[in-house]
Amino acid sequence: EEADSLLRGRFRFYGQGVDVPAGVSVFDLKPPSAVWHQALHGFDWLPSLSTAGGDNARKLATNLIAQWVKRYAHYSEPVWSPHIMARRLAHIFSHGRLVIANSELMWRSRLFVSLREQAKMLERISREAPDGLPRLEAAAVLALSGLCLDDSARRRETGLKRLEEEAERQILPDGGHVSRSPEALLSAYRHIIMVMEALSAVNEEPPHTLRNAHDRIAPMLRF
């Protein structure tokens, strides 16, 4: 349903919608709110298109990413803020197969150049993400960038170290998140699992701190 809405040119985030006229880029329209703007640049539309699948969803996702890269290839605020950048990279790492498989070589090359530039910037500024869940997510995505792009063992290790620090600081002994928000706990759990599965895919053991946090969170989420 969400993908169908996107294919009709309606972008809905946080209860607010914007209709995009034919021939106009959604990135050139005035956002109705800051959170809507963050969702757009965090590529919150990509999971829905990936789930729907099909040629139309693939074409729309490819066009949207190309439009973004054309406009925001270089650092600019707020779209390169660490928590928004982490959100964007996480969605591409999770759902990028939709647009990368069978794509044109030049387009794919431009995408990976952009991804590496964003990952390098995230390494520099991930600690500047808002305290709490956004900082944990930024650390997780930094580790994922080193694994998924396979271009920097140092960035992977830096991300893992920062993720361990944030997990120790934010995941309480009873498995809850320091904010006591079940939604925040679910997101933290999801990011930790993504990193653990990515490590498993390259035959590496996840750090004890992450395994411990995972094992504490699971029963709390079930509760």
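**Residues, core and pockets**

Author: Start with Thr62, which is buried, with a relative accessible area of 14%. Keep in mind that this is a predicted model.

Reader: Where is Thr62 found?

Author: Thr62 sits in helix α4, residues 55-72. Not counting residues up to four places away in sequence, Thr62 touches Val99 and Trp107.

Reader: Now Arg155. Buried or exposed?

Author: Arg155 is buried, at a relative accessible area of 2%. The cut-off for buried is under 20%.

Reader: Which residues is Arg155 in contact with, leaving aside its neighbours within four places in sequence?

Author: Ala119, Lys120, Glu123, Leu142, Ala143, Ser145, Gly146 and Leu149. Arg155 itself lies in helix α9, residues 153-170.

Reader: Switching topic. How many residues has the largest nonpolar core?

Author: That core has 70 residues. Phe11, Trp45, Leu49 and Val195 have the most contacts inside it.

Reader: What is Leu49 in contact with, neighbours within four places in sequence left aside?

Author: Ala3, Leu6, Ala57, Leu60, Ala61, Leu64 and Leu98.

Reader: On to strands. How many bridges join β1 to β2?

Author: 4 bridges. β1 covers residues 10-13, β2 covers residues 16-19, and the two run antiparallel. Phe13 has Gln16 in β2 as its bridge partner.

Reader: What about the residues between the strands of that hairpin?

Author: There are 2 residues between the strands. Tyr14 takes a positive phi near 55° in this hairpin.

Reader: How do the lining residues of the largest pocket divide?

Author: Into 11 nonpolar, 7 polar and 8 charged.

Reader: And the second largest pocket, how much space lies there?

Author: About 290 Å³. Its lining divides into 7 nonpolar, 3 polar and 1 charged. Among the lining residues are Phe93, His95, Arg97, Phe112 and Leu149.

Reader: Where does the largest share of that lining come from?

Author: From α5, with 4 residues. α6 (97-100) and α7 (105-125) each supply at least two. Note Leu149: it lines this second largest pocket, and it is also in contact with Arg155.

Conventions. Residues numbered from 1 in each chain as written. Predicted model: local features only at pLDDT ≥ 70, side-chain atom pairs only at ≥ 80, totals over all residues. Heavy atoms only, no water. Buried < 20%, exposed > 50% of the residue type's maximum accessible area, 1.4 Å probe, protein only. Contact = heavy atoms within 4.5 Å. Core = buried A, V, L, I, M, F, W, Y, C linked by side-chain atoms within 4.5 Å. Pairing = 2+ DSSP bridges. Nonpolar A, V, L, I, M, F, W, Y, C, P; charged D, E, K, R; others polar. 1 Å grid on protein atoms, 1.4 Å probe; cavity = no way out; pocket = protein on both sides within 12 Å on 5 of 7 lines; lining within 4 Å. Points joined across faces, edges and corners; volume = space filled by probe spheres on them.
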